[in-house]
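I opened my notebook to record what I looked up in this structure, going from the whole chain down to single residues.

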Amino acid sequence: MASVNKVIVVGNVGRDPETRYMPSGDAVTNISVATSDRYKDKQSGEMKETTEWHRVAFFGKLAEIAGQYLKKGSQVYVEGRLRTRKWTDASGQEKYSTEIVAETMQMLGGKPVGGSGDGGESYSRSKPAEQSAPASSNAASLGAMDDDIPF
C-alpha cells in the first residue's frame with residue numbers, strides 16, 4: 001500500500017528565524033508558523049478564533065534563504081513532510097517533537113522587511129548538486145491568492 005506524507009501550511013512567522021550550521025557546513029533554519037481558524041460558536045453565536053503553531057525546519061540552501069528573508073510576522077507558504085523526533089531531556093525523560101521538514105517555501109504578502117523582492121518569491125529544497133530553483137507552478141500560483149488569505 002502506498003503512503004503519502006505531505007503538509008501544506010500558509011500562515012505567519014511567529015518569531016525571527018534561527019539559523020545554525022552543522023559541522024558539515026550545511027545550514028539549518030527553524031521557524032514557527034501560526035495558522036488561525038475562525039468559527040462561530042454555536043452556543044453564544046459569537047465569532048471565535050483558534051491558533052495552531054507549527055514548527056518548521058529548513059535545510060541547505062533553502063535554510064539560508066529562509067533565514068535571510070523571513071522575519072517575524074511574514075506571511076509564508078510552506079510545503080513539506082512531517083517528521084517526529086524522539087529525544088531525552090536533562091532529567092532522563094523521553095520527549096517527542098513533531099515538525100515540518102520544508103521542501104518548498106514561498107514568501108507571501110508585500111515586500112519583505114529589509115528585502116528587495118516583491119514578496120512573491122518561491123524556493124524549493126534542491127538536491128546537493130543543484131542550485132535552488134523556483135518552486136512548482138502550484139506554489140507560484142498561490143501568490144494570486146494573497147488577498148483571499150484571512151490574516
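**Ground rules.** I am working with a predicted model, in which local features need pLDDT of at least 70 and side-chain atom pairs count only at pLDDT 80 or more, while totals for chains, interfaces and linings use all residues. I number residues from 1 along each chain as its sequence is written, and I note that side-chain values use heavy atoms, with hydrogens and water left out.

**The chain.** I found two helices and seven strands, where helices (H or I, at least four residues) and strands (E, at least two) are DSSP runs numbered from the N terminus. Along the sequence I read the pattern β-β-β-β-α-β-β-β-α. Of the 151 residues, 35% are buried, a word that stands for under 20% relative accessible area, with exposed over 50% and partly exposed in between (1.4 Å probe, protein chains only). I also looked at contacts (heavy atoms within 4.5 Å), and among those between residues at least 6 apart in sequence, 52% join residues at least 24 apart.

**Ser32.** I located Ser32 in strand β3, which covers residues 27-40. Is Ser32 buried or exposed? Ser32 counts as buried because its relative accessible area is 12%. Its side chain makes a polar contact with the side chain of Arg15 at 3.1 Å; such a contact is a pair of N or O atoms within 3.5 Å, and within protein one must be able to donate a hydrogen and the other to accept it, while residues adjacent in sequence count only if both atoms are side-chain atoms. Setting aside residues up to four places away in sequence, I listed Asn12, Val13, Gly14, Arg15, Trp53 and His54 as residues that Ser32 touches.

**Val13.** I then followed Val13, which sits in strand β1 and is buried, because its relative accessibility is 3%. Beyond four places in sequence, its contacts include Ile31, Ser32, Leu70 and Lys71. Val13 and Lys71 are 58 residues apart in sequence, yet 6.7 Å apart in space from C-alpha to C-alpha.

**The core.** Which residues of the largest nonpolar core touch the most other members? Of its 19 residues, I noted Ile31, Val56, Phe58, Leu70, Val76, Val78 and Met105. A nonpolar core is a set of buried Ala, Val, Leu, Ile, Met, Phe, Trp, Tyr and Cys residues joined through side-chain atoms within 4.5 Å. Outside four places in sequence, Ile31 touches Val13, Pro17, His54, Arg55, Val56, Phe58 and Leu70.

**Ala63.** In helix α1 I looked up Ala63, which counts as buried because its relative accessibility is 0%. Leaving aside neighbours within four places in sequence, Ala63 is in contact with Thr19, Ala27, Val28, Thr29 and Phe58.

**Ser97.** In strand β6 I found Ser97, which is buried, because its relative accessible area is 7%. Apart from residues up to four places away in sequence, Ser97 touches Arg55, Arg83, Thr84, Arg85 and Trp87.
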